[in-house]
Amino acid sequence: MTSSARPLVNRRLAEFGTTIFAEMSALALRTGSINLGQGFPDTDGPEEVREAAVRALRDGRGNQYPPGPGVPELRTAIAAHQERRYGLSYDPDTEVLVTAGATEAIAAALLALLETGDEVVALEPYYDSYAACIAMAGGTRVPVTLRPHEGAFRLDLDELRAAVTDRTRLLLINTPHNPTGTVLTRAELTAIAELAVERDLLVVTDEVYEHLVFDEAEHVPLATLPGMRERTVSIGSAGKTFSFTGWKVGWVTAAPGLVAAVRSAKQFLTYVASGPFQYAVAEALALPDSYFTAFRDDMLTKRDLLATGLAEAGFGVFRPAGTYFVTTDIRPLGEQDGFAFCRALPERAGVVAIPNAVFYDHREAGAPFVRFAFCKRTGVLEEATRRLKTLGA
């Protein structure tokens, strides 16, 4: 027991307690509620991919430390995926790095690329690890808020440009965007690219939902735009695309100098991880286009099921163009406080959701919004919507 009055948690992390996901998942277990809060599927991904992991285990591949950058088979598969899908050519040996999920990729990138006091412009609301990772790296986060407009959350490019100062080092971009479901348009991304080139900024782009884009939306990797390949760290993940979130296999693709920098931090975080699963993900990335199409179509059907059910239950619904989350407005239900609403919802309706305010620095801007995940079995979503419709009774 220390006698010092000094806080046990350093000042950079003092504002971050237990994540809302842990709190709400525990609440779901305690109340027996349907958990539409945390974004993990309730079924496993393709059987052939799971069997590839079993085969790797049995063959003794990856049971010991894998290579620091990732197993060659996976790095080659990642490079082939980027080439096939987007026409981006990366050298598997110098421009691809495998990480313990996208969360580690983000942490390693920010730790490697930021100096104390550097400003990071990020799109608010943002996934909670962004704020924590910026803080751990000694950076200063500068939020640019996506605001509701005509049924979606939109970026104000003038506000983005005004947020960049002489202290700005990096733009942290997420598209498709969690939690709002916004997919930035080619025109918006072109403007972001032009700003990055003009102000000589690095960009870290979180694209883990790249294969979950709906309707007329298009996923445009920032690295494909003029002047961006050499300044962009692109982050991908197997968890969201193949429904094996527990495997924690993510990756970085970037120019050699950027990958080397990220690896310099990553090696002192997990060092290496997910050995046998890396071989399985290499096979998953080589699945035919029909898999990715079927996966997207299944999630589209589930999006429509949940979005329609939420609207019928009285929520204001922002139908997402990407990801597997629906953001709702609780004010039509006579509610104002998303935290209070979500903490009471399990007892009221037997469903768990996440208050979007946790993703905001400006908590008041997110107060009336609540996020639901639709990466669940159809029967579960149907039961959830049936329960939620009792709110208006």
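F153 and F369 are both buried (under 20% relative accessible area, with exposed over 50% and partly exposed in between, for a 1.4 Å probe and protein chains only). The model is predicted, so local features need pLDDT of at least 70 and side-chain atom pairs count only at pLDDT 80 or more, while totals for chains, interfaces and linings use all residues. Residues are numbered from 1 along each chain as its sequence is written, and side-chain values use heavy atoms, with hydrogens and water left out.

**Aromatic pairs**

- Rings of Phe, Tyr and Trp (its six-membered ring) pair if their centres lie within 6.5 Å; planes under 30 degrees apart count as stacked, over 60 as edge-to-face and the rest as tilted.
- The count under this rule is 20 aromatic pairs.
- F153 and F369 form an edge-to-face pair, because their ring centres are 5.4 Å apart and their planes stand at 80 degrees.
- This pair joins distant parts of the chain, with F153 in strand β6 (residues 152-154) and F369 in strand β15 (residues 369-373), 216 residues apart.
- Helices (H or I, at least four residues) and strands (E, at least two) are DSSP runs, numbered from the N terminus.
- F21, Y126, Y127, Y130 and F359 are linked into a cluster by ring pairs.

**Charges over rings**

- R85 places its charged end over the ring of F292, 5.2 Å from the ring centre (CZ of Arg or NZ of Lys within 6 Å of the ring centre and within 35 degrees of the ring normal).
- K376 lies over the face of F40, at 4.1 Å from the ring centre.

**Largest pocket**

- A pocket is an open set of points on a 1 Å grid over the protein atoms alone, with protein on both sides within 12 Å along at least five of seven lines, whereas a cavity is a set where a 1.4 Å probe fits but cannot get out; lining residues have an atom within 4 Å of a point.
- The volume of the largest pocket is about 940 Å³ (the space filled by probe spheres set on the points, with grid points joined across faces, edges and corners).
- Its lining has 44 residues, and T19, F21, Y127, D128 and S129 lie nearest the centre.
- Two or more lining residues come from each of α1 (20-31), α4 (101-113), α5 (128-136), α8 (238-242) and α12 (338-349).
- The largest share of this lining is the five residues from α5.
- By type, the lining of the largest pocket has 20 nonpolar, 13 polar and 11 charged residues (Ala, Val, Leu, Ile, Met, Phe, Trp, Tyr, Cys and Pro count as nonpolar, Asp, Glu, Lys and Arg as charged, and the others, Gly among them, as polar).

**Second largest pocket**

- The second largest pocket holds about 220 Å³ of space.
- Among its 13 lining residues, R85, E210, H211, V213 and R296 lie nearest the centre.
- At least two lining residues come from each of α3 (72-86) and α11 (289-312), and α11 gives the most, with four.
- This lining divides into four nonpolar, three polar and six charged residues.

**Backbone features**

- T175 and P176 are joined by a cis peptide bond with omega of about -10 degrees, and P176 lies in the loop between β7 (168-174) and α7 (186-199).
- N178 and P179 are joined by a cis peptide bond with omega of about 20 degrees, and P179 is also in the loop between β7 and α7.
- S274, not a glycine, has a positive phi of about 60 degrees and sits in the loop between α9 (256-266) and α10 (275-285).
- T323, not a glycine, has a positive phi of about 70 degrees and sits in the loop between β11 (316-318) and β12 (325-329).
- S274 is buried at a relative accessible area of 17%, and T323 is buried at 0%.
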